[in-house]
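Student: I have a new structure open and would like to walk through it. Can we take it piece by piece?

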Amino acid sequence: MTEASDTLAEARQDRASATGHGTARRTGPMLVPYLQAAPMALVFLIFFVLPLAATVAVSFWQYTQYSIVPAITLENYNDIFQDCLRDLPDLCTTFRTYLSTLKFCLIVWAMTLTIGFTIAYFLAFHVRTLKFQVICFLLCTVPFWTSIVIRMISWIPLLGRNGLVNETLISMGIIHTPLEGLLYSDFAVILSLTHLYTLFMVVPIFNSLMRIDRTLIEAARDAGANGFQILTVVIIPLARPGILIGSIFVITVVMGDFLTMGIMGGQQIASVGKIIQTQMQFLQFPLAAANAVILLAAVLVGVWALLKLVDIRKEL
Amino acid sequence: MTDKTLKTGTSRRSVLKGAAALAGTAAFPAPFVHAQERVTLRYLSTAVNQSPAIAEKASEDLGIDIEYISVNTDEVPRRVITQPNSFDLVDSEYFSLPNLVPSGNMVGMDANRIDRIDELATVIAKGTVNGEKVGSDGTAPHEVLYLEDKDSTTFATEPTEWITLIPTTYNADTLGLRPDLIDKEITSWASLLDPDFSGKTAILNIPSIGIMDAAMAIEARGDITYGDKGNMTREEIDFTIEKLIEAKRAGQFRAFWSNFQESVNLMASGEVVIQSMWSPAVTAVRTQGIECVYQPLDEGYRAWASGFGLPRTIDGRKEDAAYEFINWFLSGWAGAHLSRQGYYPAVLETAKEYMEPYEWAYWYEGKEAEQDILAPDGRTLEEAGAVRDGGSYEERMGAVACWNAVMDENQYMVRKWNEFIAA
């Protein structure tokens, strides 16, 4: 906490000195920072705040199959949670869907974290020269040069009933009938989500690891810590901001994902995004808006909880 | 040859004359030139209905440019309702009409301006084939073909001067099979839920169509008799979804699909061996050299139809051009082109004029192909001797059991469908 207030004080000082310069130049000193921030603020206002406000407003409107009526009603929210309490302990559609999405979130988060941290660790501590670090790092981003959909569907010929994996396993005599669970299953969804989003973990964790003062590690070793202790006591705590940022990326993306779950799950796996899409297709915009608001709230609660774990503004 | 004669006949003097004339018109770009400006029609529909060859030919014959706006099945009605200014002509499914017409964004088309209005296929105009009634469960086109007047938002029960949609294409869907991967005879929709095909069937994830396929299967299995499959009561919807959830939990389905290409891929890759399919999708699997059968079934077909409609905002030259294009569309060339892809056109007689007798015999009369059957792009679809699945036009369209539909309880149905997906 004290550290945080120190930084804050420093920042204030900085700003004070900046204002000093401004007055010296006699240009509207108070206005300049606002003007500088204005373009971004405007972009946010037009492309983020307004649509969001519209979504929230529409979520309270009534609708028929071909029109929406601007009248305040809680009907849409009521519809979403209909029978949810009555049916407990059986789960209603909404709870079931969120639970399923949450399950994917946690599994994919654990997978991307493990793999992402390992890659970042290797890049930061085992690749010696900066040049090679940069090269290896760029190599990691190469898959991102193609579209997300292409990276996803390229798994299909591999995992299919008559796909490469099954044919190889059969020809090697390991299995006799093709594995059905490889494609259009939870496994396929987790595999492709992990594949798609591991880089989101690698980048911020790598960034954090690079900032670790190497003398700290030497000091730990001098003090008699073994490799595992250095990792858990020194490196991981210092990499926390990177881990956290990566986690926020992965969790928010997976929560809203419906494309991957749709394609890799054979559209048999429910996701909140898919429900919203179906409702939009049937012109039930207010219902879709209500679902979107609930999803947003759920994601915000998750992010808020994560931010409680670390002071991200300080760490950046 | 012609080039040569022209060349020899063209003297330097005549070229100069021509150039002078051109310069003359350019110097006076008066109203005359302005009126010659070509009209562009923005044509909204699914990609499946948008053949580049049709646009090209129309442009050649009529001097009207067609600009395709391609979206997917669900996006068509959404565009009509939310952005009626963004197109000049829409090719929409008839089953969307109960949503589109009350919105007031479409306008009735003047029957007097459609040359061949009396020649429209009877299955669309009257719900009959050869004078015999076909199934009318669901949103049958003849029930939603007419409006009370031009700006009416309700359907007329009797034929009037005002048409909602002029048919472009229609056909009947049934189960598609991979005969090389199935070793039993399929005669009923019930096979979709047959445990023998556990993990190898698929169903559409477009709720309004998927539930109809499911209903055909569940009714065929003898679980229930629906009042109207295309307009279920809440109890019927509950029952149908319950049965679907049972099947899903038992692992009956390999995947759900929502567009043409997905259904083709599922079938071609062998992930799925039996599923409800669109006739041209079966053709598409076959052109990859993979055996695929469009299987006629005891219970009949689920039919669909789509047609041209006009947005309320259209007027002036665009409106004239739209009518001109529609009249051209019904005059045969387009009908023949679509027939060769496996669709049926609005006016059969004119399409026939543009097809070779052997083509007509294959596509419409259920006869053996006398020579190789070619797709519009010149690829061989079938070798000589082949017979079209489902037989003749009368056999197919005469055996329609129900039509794609939007139910009165649509909202409830969509909610229950989401339950099925989440189950």
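Tutor: What follows goes through some strands, some helix pairs and the contact between two chains. Keep in mind that this is a predicted model.

Student: Start with strands in chain B. In which sense do β1(B) and β2(B) pair, parallel or antiparallel?

Tutor: Parallel, over 8 bridges. Strand β1 of chain B covers residues 39-46, and strand β2 of chain B covers residues 64-71. To find the pairing on screen, look at B:Ser45, whose bridge partner in β2(B) is B:Ser70.

Student: And how does the chain get from β1(B) to β2(B)?

Tutor: Through helix α4 of chain B, residues 52-62. This β-α-β crossover is right-handed.

Student: Which strand pairs with β1(B) over 2 bridges?

Tutor: That is strand β3 of chain B, residues 89-93, and the sense is parallel. Within this pair, B:Tyr43 stands opposite B:Leu89 of β3(B).

Student: There's also a sheet with β5, β9 and β8 of chain B. What's the order there?

Tutor: The order is β5-β9-β8 in chain B, an open sheet of 3 strands with antiparallel pairing. β5 (109-110) and β8 (146-147) of chain B each have a single partner strand, so they stand at the edges and one side of each has no neighbour in the sheet.

Student: OK, helices now. What describes a packed pair?

Tutor: Two numbers: the angle between the axes and the distance between them.

Student: Then what are they for α9(B) and α17(B)?

Tutor: The angle is about 15° and the axes are 9 Å apart. Helix α9 of chain B is residues 234-249, and helix α17 of chain B is residues 410-422. Angles under 35 degrees count as roughly parallel, so α9(B) and α17(B) are roughly parallel to each other. The crossing is right-handed.

Student: Which residues make that contact?

Tutor: From α9(B), they include B:Arg234, B:Ile237, B:Asp238 and B:Ile241. From α17(B), B:Tyr412, B:Met413 and B:Phe420 are among them. The residues of this contact divide into 7 nonpolar, no polar and 5 charged.

Student: Let's switch to chain A. How do α2(A) and α15(A) cross?

Tutor: At roughly 115°, with axes that come within 7 Å. Helix α2 of chain A is residues 31-58, and helix α15 of chain A is residues 285-309. The crossing is left-handed.

Student: Which residues of α2(A) are involved?

Tutor: A:Thr55, A:Val56 and A:Val58. They meet A:Phe285, A:Pro286, A:Ala289, A:Ala292 and A:Val293 in α15(A). By class, the contact has 7 nonpolar, 1 polar and no charged residues.

Student: Last topic. How many residues from each chain are in the contact of chain A with chain B?

Tutor: Chain A gives 23 residues and chain B gives 25. On the side of chain A, α4 (93-126) and α14 (272-281) of chain A are the elements that give two or more residues. The largest share, 5 residues, comes from α14(A).

Student: What classes are on that side of chain A?

Tutor: The side of chain A that touches chain B has 6 nonpolar, 13 polar and 4 charged residues.

Note on methods: Residues are numbered from 1 along each chain as its sequence is written. Chains are lettered from A and ligands numbered from 1 in the order in which they are written. This is a predicted model: local features need pLDDT of at least 70, side-chain atom pairs count only at pLDDT 80 or more; totals for chains, interfaces and linings use all residues. Two strands pair if DSSP finds at least two bridges between them. Helices (H or I, at least four residues) and strands (E, at least two) are DSSP runs, numbered from the N terminus. A crossover is right-handed if, with the strands pointing away from the viewer, the path from the first strand over the helix to the second runs clockwise. Axes are lines fitted to C-alpha atoms, for helices over the stretch in contact, and angles run from 0 to 180 degrees between N-to-C directions. Angles under 35 degrees count as roughly parallel, over 145 as roughly antiparallel, 65 to 115 as roughly perpendicular and the rest as oblique. A crossing is left-handed if the near helix is turned anticlockwise from the far one by less than a right angle, and right-handed if clockwise. Two residues are in contact if their C-beta atoms, placed from the backbone, lie within 7 Å. Ala, Val, Leu, Ile, Met, Phe, Trp, Tyr, Cys and Pro count as nonpolar, Asp, Glu, Lys and Arg as charged, and the others, Gly among them, as polar.
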